[in-house]
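Trainee: Could we go through this structure together, and could you tell me what stands behind each label you use?

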Amino acid sequence: MKQVFLTIKENIALTDSVYKMVLSGDTSGVTNCGQFVNIKLDGLFLRRPISVCDCEDGQLTLVYKVVGRGTEQMSRMNAGEILDVLVGLGNGYDTTVSGDAPLLIGGGVGVPPMYMLCKKLIAEGKNPTVILGFNRADEIFYENEFKALGARVIVSTVDGSYGVKGFVTDAMKGIDYSYFYTCGPEPMLKAVYRATNTSGQFSFEERMGCGFGACMGCSCKTVTGYKRICKEGPVLCKEEILW
Amino acid sequence: MVTTNVNLCGIELDNPIIPASGTFGFGYEFAELYDINILGTFSFKGTTKEPRFGNPTPRIAECESGMINAVGLQNPGVDKVISEELPKLKKCFNKKVMANVSGFSVEEYVHTCSLLDKCEQVGWLEVNISCPNVHGGGMSFGTSPEAASEVVRAVKAVTTKPVIVKLSPNVTDIVAIAKACEDAGADGISLINTMLGMRIDLRTRKPVIANKMGGFSGKAIFPVALRMVYQVAHAVKIPVIGMGGVSCAEDVIEMMLAGAVAVEVGAQNLIDPYACKRIIEDLPRVMKKYGIKNLNDIIGGVL
C-alpha cells in the first residue's frame with residue numbers, strides 16, 4: 001500500500017450512471033490487476049474503495065458507477081483536482097494459473113477490473129474470451145475497449161436489447177475455457193459459481209472501514225479460514241468460497 | 001526542546017500517543033508504512049479466550065464526521081495471539097505493548113488476562129468492559145459498578161501488570177463506574193469506547209449494519225469523550241487515558257488538559273494510516289505554539 005496524491009486528468013460519463021476517471025501521478029504502488037484504491041473525499045469520513053480498471057505509465061483509470069454520496073461527489077469532480085488515494089490495496093488476480101483460453105465474466109460495475117486483467121493475459125500470450133453482462137443496451141460500456149485489446153468479446157443484456165439475451169451464464173453456453181475470472185453483483189457471482197466447470201477466481205465487494213486490513217470490517221468466512229476482503233481478497237479462489 | 005514523555009502506571013512512554021484497540025490490528029499492517037517504535041505504545045486487537053469471527057457483514061457505516069462499526073471482537077483467541085501474533089509483533093516493535101482483553105464471563109477475563117500477564121512483551125492489560133457489539137456480553141460488565149468491580153477484582157487477583165479498565169460511554173453515570181473500578185484495584189482507566197449508534201439505508205429501509213446497531217466513533221464524538229475524560233479524571237486518583245475522536249496534536253493537548261495522562265487514537269488510523277506518526281511529529285510544534293515545555297505540566301490543568 002502507498003498513500004499518493006493523484007491529479008485528475010479526465011472524468012467523463014460513459015453511460016447515465018457510469019463514469020471514467022483518469023488520474024496521473026505516482027502509481028507505482030499498484031502492483032497487480034484486480035487490486036483497488038481507497039479515495040479520500042471532502043466531507044466524507046470513510047474513504048471510498050474503487051477497483052482499478054487500468055494502470056499504465058503513471059496513469060490510473062477508474063470506471064465507477066454512481067451509487068451513493070461518495071461516487072456522486074466523484075462524478076462532479078473536474079480535471080486538475082487532486083485526490084488523496086491509497087493505492088495497491090488487495091491481492092488481485094493470479095494469472096499464472098489461467099491456462100491458454102481463460103474466460104472473463106464481468107457484470108455491470110464488475111466489468112472494469114476485467115479490463116486490466118484482460119490486458120495482462122493478452123500480454124502473456126493467452127487468448128481470453130470476455131463476457132460483459134448488462135441489464136440494457138444503454139448501460140453498456142467498454143465493449144470496444146476490450147475488442148481493441150484483441151479479446152473475443154460477447155455482450156449479454158437481460159432484456160435482449162443488445163447481444164445475447166439473458167444473463168452472463170446464458171452467454172457462457174457452448175464456450176470452451178481453461179479457467180475463469182469474474183466480478184459482478186453477488187447473485188451473478190453465485191450463478192457463475194454454479195455454471196462453471198473449471199477452477200476460477202471471484203472478486204468480491206464489501207463495505208470497508210480502512211481498506212488495508214486494520215479494522216476487520218470486511219471479513220468473510222472461507223474454507224481456509226477467516227479472510228479480510230480488503231487484504232487477503234478481494235479475489236478469492238472458487239475452491240475456498242463457502243457457497 | 002520540549003518534553004513529551006509521560007509515565008503510564010509506572011512505565012515511561014516516549015510520548016502519550018497510543019493507537020486504540022481495533023484500529024491497529026497487531027501492529028504489522030502499520031509497520032509496513034512507518035517505524036511503529038515511534039509510538040508511545042499501542043493497544044492490540046481485543047482478545048478473547050476463544051477465537052471469534054465476530055458479526056455478519058456489513059459491519060461498517062459512514063456517518064457525519066465519523067463511522068459506525070460492529071465488528072464484534074473478531075480475533076484469533078488468546079492462545080494464537082500468544083503463539084503467533086506476539087512473536088510476529090516482536091520483529092517490528094521493541095516496546096511494551098498494551099494487551100486489550102474482552103470476555104463474556106468473569107472466568108474468561110481471568111483466563112485471558114492471566115495468560116497475557118505472563119508475556120514479557122505485554123506492559124499493561126487494558127480490560128475492555130465496554131464493547132457494545134456483543135449480545136449479553138461485555139456490555140453488561142461496563143454498565144453496572146458492581147459488575148465492573150467484580151471483573152477488576154478477579155483480574156487483579158491473577159495478574160501482576162497494571163490493569164487499565166476501558167469504559168463504555170453508554171451509561172448514565174460513568175464516574176460511578178470509574179470509581180468502582182478504582183476501588184476494586186484498577187491501576188488506570190481508559191475512556192471512552194464507542195457510542196452506540198445506528199444508520200438506516202433509505203433505499204432498502206433496513207439498518208446499514210447487519211447487527212443493526214454498532215459503535216459510533218470518529219471526530220464527531222470528541223466533545224463527548226473530552227467531557228467524560230474530564231469528569232472521570234477529576235474523580236479518580238489513578239491515571240486516565242483519554243480517547244474518542246482524537247485526530248490531531250491539538251486534540252491530544254485538549255485531552256491532557258482535561259486530565260488524560262496518555263491519549264489513544266482510534267478511527268483516525270483507519271482513514272489516515274499515518275495519523276499517529278503525523279500527530280507525534282506535530283506535537284512539539286503545537287506544544288511550542290501554546291507555550292508548553294513539558295506535557296506533564298498540563299495534565300489535568302483545567303479544573
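Mentor: Here is a chat about terms and the values behind them. This is a predicted model: local features need pLDDT of at least 70, side-chain atom pairs count only at pLDDT 80 or more, and totals for chains, interfaces and linings use all residues. Residues are numbered from 1 along each chain as its sequence is written, while chains are lettered from A and ligands numbered from 1 in the order in which they are written.

Trainee: What makes A:Met208 buried or exposed?

Mentor: Count the C-beta atoms, placed from the backbone, within 10 Å of its own: 20 or more others is buried, 12 or fewer is exposed, and in between is partly exposed. A:Met208 has 26, so A:Met208 is buried. Across chain A, buried residues make up 49% of the 243 residues.

Trainee: Where does A:Met208 sit?

Mentor: In the loop between strand S13 (200-203) and strand S14 (219-222) of chain A. Strands here are DSSP runs of E with at least two residues, helices are runs of H or I with at least four, and both are numbered from the N terminus. By that count chain A has five helices and 16 strands.

Trainee: Which residues does A:Met208 touch?

Mentor: Leaving out residues up to four places away in sequence, A:Met208 touches A:Pro49, A:Gly217, A:Cys218, A:Cys230 and B:Ile60. Contact means that the two C-beta atoms, placed from the backbone, lie within 7 Å.

Trainee: Why are S11 and S16 of chain A said to stand at the edges?

Mentor: Start with the order: seven strands form an open sheet, S11-S10-S9-S8-S12-S13-S16, with mixed pairing. Strand S11 (164-165) and strand S16 (235-237) each have a single partner strand, so one side of each is left without a neighbour in the sheet.

Trainee: How do you know that S13(A) and S16(A) pair?

Mentor: Two strands pair if DSSP finds at least two bridges between them. S13(A) and S16(A) run antiparallel and are joined by three bridges, so the pair passes. One of the bridge partners is A:Val235 in S16(A), which goes with A:Ser203.

Trainee: What makes S1(A) and S2(A) a pair?

Mentor: Six antiparallel bridges join them, and they form a hairpin with four residues between them. A:Asn11 stands opposite A:Met21 in S2(A). Strand S1 (residues 2-13) is also joined by six bridges to strand S7 (residues 82-89), again antiparallel, and A:Leu6 stands opposite A:Leu83 there.

Trainee: Why does the radius of gyration of chain A agree with a compact globule?

Mentor: The radius is taken over C-alpha atoms, and the globule rule is 2.2 Å times the number of residues to the power 0.38. For 243 residues a compact globule would come near 18 Å, and chain A has 17 Å, so the two agree. Its C-alpha trace spans about 50 × 40 × 35 Å along the principal axes.
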